[in-house]
Amino acid sequence: MRWSLYATLYQIGVLTLGLLILGAERWIAAALDLVFILVAIVLFRVALKDLSASLDIAVDERERAEIRLLQALLIVTFVIAVGVLGYGFLKSLFPFL
């Protein structure tokens with residue numbers, strides 16, 4: 001459970017950081033932003049399913065609270081990553097933004 005969450009958070013963070021550093025042509029950058037948004041959505045869904053399954057089998061309240069905290073962290077990270085990637089996509093297509 002934790003490894004898939006950590007891998008997903010790492011992947012989203014690396015992709016976001018890579019796009020912030022990337023100085024590619026605007027159409028290539030827009031296409032990469034779109035692809036990375038789709039990858040982030042797929043990874044987010046997989047990690048959320050994994051955490052939901054873990055929450056179902058958790059027995060004590062401390063473990064359930066920890067899983068809920070990880071779910072919140074995953075959601076916040078996903079929203080930030082998609083926001084940055086979406087802004088990068090729009091900025092690549094419309095440079096006047």
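Biologist: Which element has the lowest mean pLDDT, and which has the highest?

Modeller: This is a predicted model: local features need pLDDT of at least 70, side-chain atom pairs count only at pLDDT 80 or more, and totals for chains, interfaces and linings use all residues. pLDDT is the predictor's confidence in each residue, from 0 to 100. Helices (H or I, at least four residues) and strands (E, at least two) are DSSP runs, numbered from the N terminus. Among the elements, the lowest mean, 73, belongs to helix α1 (residues 2-21), and the highest, 85, to α3.

Biologist: What is the mean pLDDT of the whole protein?

Modeller: Where pLDDT is low, the predicted coordinates should not be read in detail. Here, 91% of the residues reach 70 or more. The mean is 80.

Biologist: What length does helix α3 reach from its first C-alpha to its last?

Modeller: Helix α3 runs over residues 61-93, which makes 33 residues. The expected span is 1.5 Å times one less than the number of residues. That gives 48 Å for α3, and the helix comes close to it, reaching 48 Å.

Biologist: And what length does α2 reach?

Modeller: This helix has 32 residues. At 1.5 Å a residue, 46 Å is expected. The model is close to that, at 46 Å.

Biologist: Which residues of α3 are buried?

Modeller: Buried means under 20% relative accessible area, exposed over 50%, and partly exposed in between (1.4 Å probe, protein chains only). An α-helix has 3.6 residues a turn, so residues three or four places apart point the same way. In α3, the buried residues are I67, L70, Q71, L74, F78, A81, L85, G88 and S92.

Biologist: Which residues does Q71 contact?

Modeller: Q71 sits in helix α3. It counts as buried because its relative accessibility is 16%. Contact means heavy atoms within 4.5 Å. Leaving aside neighbours within four places in sequence, the partners of Q71 are L48, L51, S52 and L55.

Biologist: Which residues of α2 are buried?

Modeller: F44 is one of them. F44 has a relative accessible area of 13%, so it counts as buried. The list for α2 is A29, A30, D33, I37, A40, F44, A47, L51, S54 and L55.

Biologist: Which residues touch the most other members of the largest nonpolar core?

Modeller: A nonpolar core is a set of buried Ala, Val, Leu, Ile, Met, Phe, Trp, Tyr and Cys residues joined through side-chain atoms within 4.5 Å. The largest one has 14 residues, and those touching the most other members are L5, I12, L51, I67, L74 and F78.

Biologist: Which helices each supply at least two residues of this core?

Modeller: Take L5, a core member. Beyond its neighbours within four places in sequence, L5 contacts L51, L70 and L74. The helices that each supply at least two core residues are α1, α2 and α3.

Biologist: How far apart are the C-alpha atoms of L9 and L74?

Modeller: L9 lies in helix α1. L9 is buried because its relative accessible area is 18%. Not counting residues up to four places away in sequence, L9 touches L73, L74 and T77. L9 and L74 are 65 residues apart along the chain, yet their C-alpha atoms are separated by 6.9 Å.

Biologist: Which residue forms a salt bridge with R68?

Modeller: Side chains of opposite charge can pair when their charged atoms come close. A salt bridge is a side-chain nitrogen of Lys or Arg within 4 Å of a carboxyl oxygen of Asp or Glu, and the count comes to 1. R68 is partly exposed because its relative accessibility is 40%. Its closest N and O atoms are 3.5 Å apart, and the partner is E61.

Technical notes: Residues numbered from 1 in each chain as written. Heavy atoms only, no water.
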